[in-house]
Amino acid sequence: MCPPTRTPTEQETHGRHGRRITDHDANDINRVEELSYDLKIREVMSADLRATSPEMPLAKVLDILRTNRISGLPVVEEGNLIGVLSIEDIVRAMMKNDLSAPAEDYMTREVVTVASYDTIVKAMRTFTEKALGRLPVVDENNKIVGMITKGDITRGILVALQKDYKEEEVRRYRASHLFEDIISERTTLVLRYTIKAGDFTQGGKASSYIKRALLRLGADPQITRRCSIAVYEAEMNLIIHTTNGGILKLEVEPHRITMSATDDGPGIPDMEKVFQPGYSTATEQVREMGFGAGMGLVNMKRCVDTIELDSTVGKGTKLVMRILIPNQTFGGRREGQNDEPSTNH
Amino acid sequence: MSEQNFRSGLKIVKGFFNPMHLKDIIDIVDGTPLNPDVDMNIKIRGGCGADLMSDVLASIQPKAVLLTGLTNPQVVRTAQIAEIRAIIFVRGKQPQAETLNIATQENMPLITSPFGMFELCGRLHKAGLPSFESHVPTD
């Protein structure tokens with residue numbers, strides 16, 4: 001079992017404090033690694049425990065090992081783990097032609113164990129540190145409850161990934177298939193919210209609803225985030241700057257999301273300045289609330305793919321923003337590429 | 001993934017998953033949780049300090065704690081949109097009742113700390129919490 005060369009531990013390579021974790025490393029952490037910290041040993045170990053008593057003759061133990069194709073057995077006395085007997089121990093006995101001796105004569109008494117409530121990372125570390133292939137698992141009272149091998153860990157991770165995958169499928173199926181199930185030349189889901197002027201208490205509620213709706217529709221988290229920030233800024237603008245409030249509308253299509261905010265006044269007099277960072281006409285009261293820093297439109301522009309602002313003083317303002325969805329976020333095929341007449345250059 | 005990679009990957013995760021939980025943060029800032037039933041085990045990955053909500057929306061990455069001097073309901077809404085995991089009010093500020101209502105409804109932990117913004121940012125940063133504020137792009 002013992003490999004001839006051992007890879008240096010992280011501690012030997014990087015010193016006692018280990019390697020510094022950069023944001024870049026953190027971003028690279030994948031689901032398998034996460035699972036290694038989530039899964040408990042008891043969830044992946046084999047609880048179907050084959051063990052031997054201390055009195056069992058080695059010849060019989062050898063039989064158990066052979067028929068079950070395993071390389072070691074825990075030695076258990078009244079539920080307590082007192083040792084481990086491996087093929088190597090039996091080989092020692094064979095060399096002395098002593099196979100009739102009881103297991104306890106040849107077993108290894110210093111047993112490395114792991115606790116059932118530990119995470120599988122602990123088991124993996126122990127496998128590496130002790131160069132062992134299988135470990136007895138004990139519970140809080142030090143009673144043996146199972147065995148764990150590297151194979152158990154691999155299987156456990158695969159099962160957990162499978163479960164993740166299924167959950168993800170179900171989650172997406174709930175609403176995201178809306179666009180696949182309904183056949184039309186162009187399916188659009190419209191969400192519409194009336195926003196009252198000066199209603200700061202409710203401010204942001206519509207955006208929260210929109211965010212939730214997008215996630216339910218199976219939108220990519222990144223796209224959801226961009227969309228939420230853009231509509232939130234737009235919603236706050238309707239609350240802060242309009243005379244009578246306005247309408248916030250979201251049109252979701254498989255290939256893009258269109259957000260619009262429409263009001264009937266007062267209109268924007270300095271259209272050329274509104275996209276300048278820091279330009280603001282907000283009142284002191286609004287600024288005290290943390291808004292009106294002149295970053296609203298700048299933020300929106302950053303989050304969306306296209307933005308159009310149309311305003312007439314005395315009449316009103318219409319803001320239209322679009323986020324293009326690069327692939328099948330909503331489960332539907334990307335028909336948007338073909339459903340508009342292509343312009344030939 | 002080779003076993004070697006996997007192992008070193010796990011070491012990386014060890015630091016990453018040895019993160020700050022909300023209870024650690026509350027200890028560091030000497031804070032008082034304001035809403036009932038706060039999950040103390042929420043993982044916090046970074047921090048951001050701002051009194052301008054548009055700064056929060058413009059600069060922050062998800063899963064951060066927000067330090068702010070504002071206590072109106074919009075702070076909670078903004079935090080929600082920006083995927084912030086907890087809000088700490090500086091200088092012992094108490095939120096308006098409506099703010100607390102929305103926060104409780106939306107599961108956003110609110111904490112008040114007696115320290116000022118600079119002191120709080122300093123404490124958390126020193127304890128190893130990275131800044132989740134992104135830099136302003138230079139044109």
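These legends go with close-up views of a predicted model.

**View 1. Here is chain A as a whole, before we zoom in.** Chain A is built with 14 helices and 10 strands. Of its 345 residues, 30% count as buried. Take the contacts in chain A with a separation of 6 or more: 64% of them join residues 24 or more positions apart.

**View 2. Five strands of chain A make an open sheet.** Reading across, the order is E6-E7-E8-E10-E9, and the pairing is antiparallel. Strand E6 (189–195) and strand E9 (306–312) of chain A sit at the edges, each pairing on one side only. On average, neighbouring strands here are turned by 10° against each other, direction ignored. Inside the sheet, strand E7 (residues 246–253) and strand E8 (residues 256–263) of chain A are joined in the antiparallel sense by eight bridges. To find your way along this pair, look for A:Leu250, which stands opposite A:Met259 in E8(A). In general, strands of a sheet pair through backbone hydrogen bonds, either parallel or antiparallel.

View 3. The axes of helix H11 (residues 205–216) and helix H12 (residues 221–241) of chain A come within 9 Å and cross at roughly 160°. An angle over 145 degrees counts as roughly antiparallel, so that is what we call H11(A) and H12(A). The contact uses residues from both helices: A:Ala206, A:Ser207, A:Ile210, A:Lys211, A:Leu214 and A:Leu215 come from H11(A), while A:Thr224, A:Cys227, A:Ser228, A:Val231, A:Tyr232 and A:Glu235 come from H12(A). The crossing itself is right-handed. As for the sheet, H12(A) lies across E6, E7, E8 and E10 of chain A and runs at about 5° to E8(A). H11(A) packs on the sheet too, touching E6 and E7 of chain A, with its direction at about 165° to that of E6(A).

**View 4. A:Ile325 turns up in the segment after strand E10 (316–324) of chain A.** A:Ile325 counts as buried because 21 other C-beta atoms lie within 10 Å, and the cut-off is 20 or more. Setting aside neighbours within four places in sequence, A:Ile325 is in contact with A:Ile223, A:His255, A:Arg256 and A:Ile257. Look for A:Glu253 as well: 72 residues separate it from A:Ile325 in sequence, yet their C-alpha atoms are 9.0 Å apart.

**View 5. Helix H8 (residues 120–130) of chain A has a buried face.** The buried residues of H8(A) are A:Ile120, A:Val121 and A:Ala123. Down the helix axis they fall within an arc of 160°, so they line one face of H8(A). On the other side, A:Glu129 and A:Lys130 are exposed.

**View 6. A:Val298 sits in helix H14 (residues 296–303) of chain A.** With 18 other C-beta atoms within 10 Å, A:Val298 is partly exposed. Not counting residues up to four places away in sequence, A:Val298 touches A:Phe275 and A:Pro277. From A:Val298 to A:Gln276 is 22 residues in sequence and 7.2 Å in space, C-alpha to C-alpha.

**View 7. Over in chain B, five strands form an open sheet with mixed pairing.** The strand order is E2-E7-E6-E5-E4. Strand E6 (residues 86–89) and strand E7 (residues 110–112) of chain B pair in the parallel sense, over three bridges. One spot to look for is B:Ile87, whose bridge partner in E7(B) is B:Leu110.

Technical notes:
Residues are numbered from 1 along each chain as its sequence is written. Chains are lettered from A and ligands numbered from 1 in the order in which they are written. This is a predicted model: local features need pLDDT of at least 70, side-chain atom pairs count only at pLDDT 80 or more; totals for chains, interfaces and linings use all residues. Two strands pair if DSSP finds at least two bridges between them. Helices (H or I, at least four residues) and strands (E, at least two) are DSSP runs, numbered from the N terminus. A residue is buried if 20 or more other C-beta atoms lie within 10 Å of its own, exposed if 12 or fewer, and partly exposed in between; C-beta atoms are placed from the backbone. Two residues are in contact if their C-beta atoms, placed from the backbone, lie within 7 Å. The arc is that of the directions from the helix axis to the C-beta atoms. Axes are lines fitted to C-alpha atoms, for helices over the stretch in contact, and angles run from 0 to 180 degrees between N-to-C directions. Angles under 35 degrees count as roughly parallel, over 145 as roughly antiparallel, 65 to 115 as roughly perpendicular and the rest as oblique. A crossing is left-handed if the near helix is turned anticlockwise from the far one by less than a right angle, and right-handed if clockwise.
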